[in-house]
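This briefing is meant for a reader meeting the structure for the first time.

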Amino acid sequence: MFTDKIDAKDFPKMSDEYKDLVTRVLAIQADCEIGGPHLYVDKLLPGAPDATKRLVVARTAAEEVDHFRKVMDVAAGIGLDLTYLLRRSNQERAVDAFRGEIATWEDYAVFGFLIDRIGRYQMEEFEGCTYAPLDAICPGILSEELGHIENGRQFTAELANGTQDERHRVQEAVDRWYPKGLDMFGHSGSWRAERYIEWGLKHRPNETAREHYIAEVNPLIEELGLQVPDPEANRKFF
Amino acid sequence: MPTRTIDTIDHELREIIDAVEHAANYGMAHRDQPQAVERTLQDCEELLRHVMDASILDD
């Protein structure tokens, strides 16, 4: 396995495969970072249940935009311009979970609880990776993602402990986002994932990361008194 | 197509991010003043709109 640390100045000397993989992962990561605010700012910044929650939405969106900016800067270091992602429509996003719109508070809450947690998993893959500029931005992004995840967990818990209607609606949101989340890890046995690992750009195969996520999140869902959805229902990738 | 350099966009994104985070913190600290919070939220919406509608890419 490749273990050298590569800086932007060394990047042109790397193999085409390494360059392709770094380029691909930066584009997808940036797309997901800016894809989040595009899902919820329009409806939830004005429409969250109270002013404090609207402020949380604003601050979360700003932090996600900052994550996009950081990945954009890493990409710029190798001559890759990702600013076009700012114009991309939700329907064109690279990952299915970012296509569409979040229009309800329960979807916003569960998105933080389940999907931002996958953002954390993704950044953990890059921690200590061989492309040094990507490794360098991980700690700052991870620490803010932890805040988003905890906000999502708390908001989900409030709804789970709320009225019967709130509890019903938040369970439906869990049912919607859980399969999208599991799909975000990609195909099991992915050839490309194996190449990422070989080049020291990721640590775990897709299926292993997905298993770790399931082992972490299922008990958290149950702790809130909610049902864990069937892990095979409404899935696109296994 | 973008007509601004990545450095310029980076700089303006930083300004927007800082302004929204500052406004959100101010709003949190003044939650007992609904009118001030509402003005703050309007500022946040206006700032973020430049990113959401990609007008930050335009000259």
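In this predicted model, helix H7 of chain A covers residues 206-223, and its 18 residues reach 26 Å from the first C-alpha to the last, which is close to the 26 Å expected at 1.5 Å a residue. The points below stay with H7(A) before moving to other parts of the model.

- The buried residues of H7(A) are Asn206(A), Ala209(A), Arg210(A) and Ile221(A).
- After H7(A) comes Gly225(A), a residue whose phi is positive, near 80°.

**The packing of H3 and H5 in chain A**

- Helix H3 (residues 105-126) and helix H5 (residues 164-184), both of chain A, pack with their axes 9 Å apart and at an angle of about 25°.
- Because angles under 35 degrees count as roughly parallel, H3(A) is described as roughly parallel to H5(A).
- The crossing that H3(A) and H5(A) make is right-handed.
- On the H3(A) side, the residues that meet H5(A) are Glu106(A), Asp107(A), Ala109(A), Val110(A), Phe111(A), Leu114(A), Ile115(A) and Ile118(A), while H5(A) brings Arg169(A), Val170(A), Ala173(A), Val174(A), Trp177(A), Tyr178(A), Gly181(A) and Met184(A) to the contact.
- Sorted by class, this contact of H3(A) with H5(A) has 12 nonpolar residues, one polar residue and three charged residues.

**Where chain B touches chain A**

- The contact between the chains involves 24 residues of chain B and 25 residues of chain A.
- Two helices of chain B, H1 (6-29) and H2 (34-52), each supply at least two residues of the side that touches chain A.
- H1(B) provides the largest share of that side of chain B, with 11 residues.
- By class, the side of chain B that touches chain A has 18 nonpolar residues, one polar residue and five charged residues.

**Thr5 of chain B**

- Thr5(B) lies in the segment that comes before H1 of chain B.
- Is Thr5(B) buried or exposed? Thr5(B) has 12 other C-beta atoms within 10 Å, and a residue counts as exposed if that number is 12 or fewer, so Thr5(B) is exposed.
- Although Thr5(B) and Leu57(B) are 52 residues apart along the chain, their C-alpha atoms are separated by 8.9 Å.

Note on methods:
Residues numbered from 1 in each chain as written. Chains lettered and ligands numbered in written order. Predicted model: local features only at pLDDT ≥ 70, side-chain atom pairs only at ≥ 80, totals over all residues. Axes fitted to C-alpha atoms, helices over the stretch in contact; angles between N-to-C directions. Helix = DSSP H or I, 4+ residues; strand = E, 2+ residues; numbered from the N terminus. Parallel < 35°, antiparallel > 145°, perpendicular 65-115°, else oblique. Left-handed = near helix turned anticlockwise from the far one by under 90°. Contact = placed C-beta atoms within 7 Å. Nonpolar A, V, L, I, M, F, W, Y, C, P; charged D, E, K, R; others polar. Expected span 1.5 Å × (residues − 1). Buried ≥ 20, exposed ≤ 12 C-beta atoms within 10 Å, placed from the backbone.
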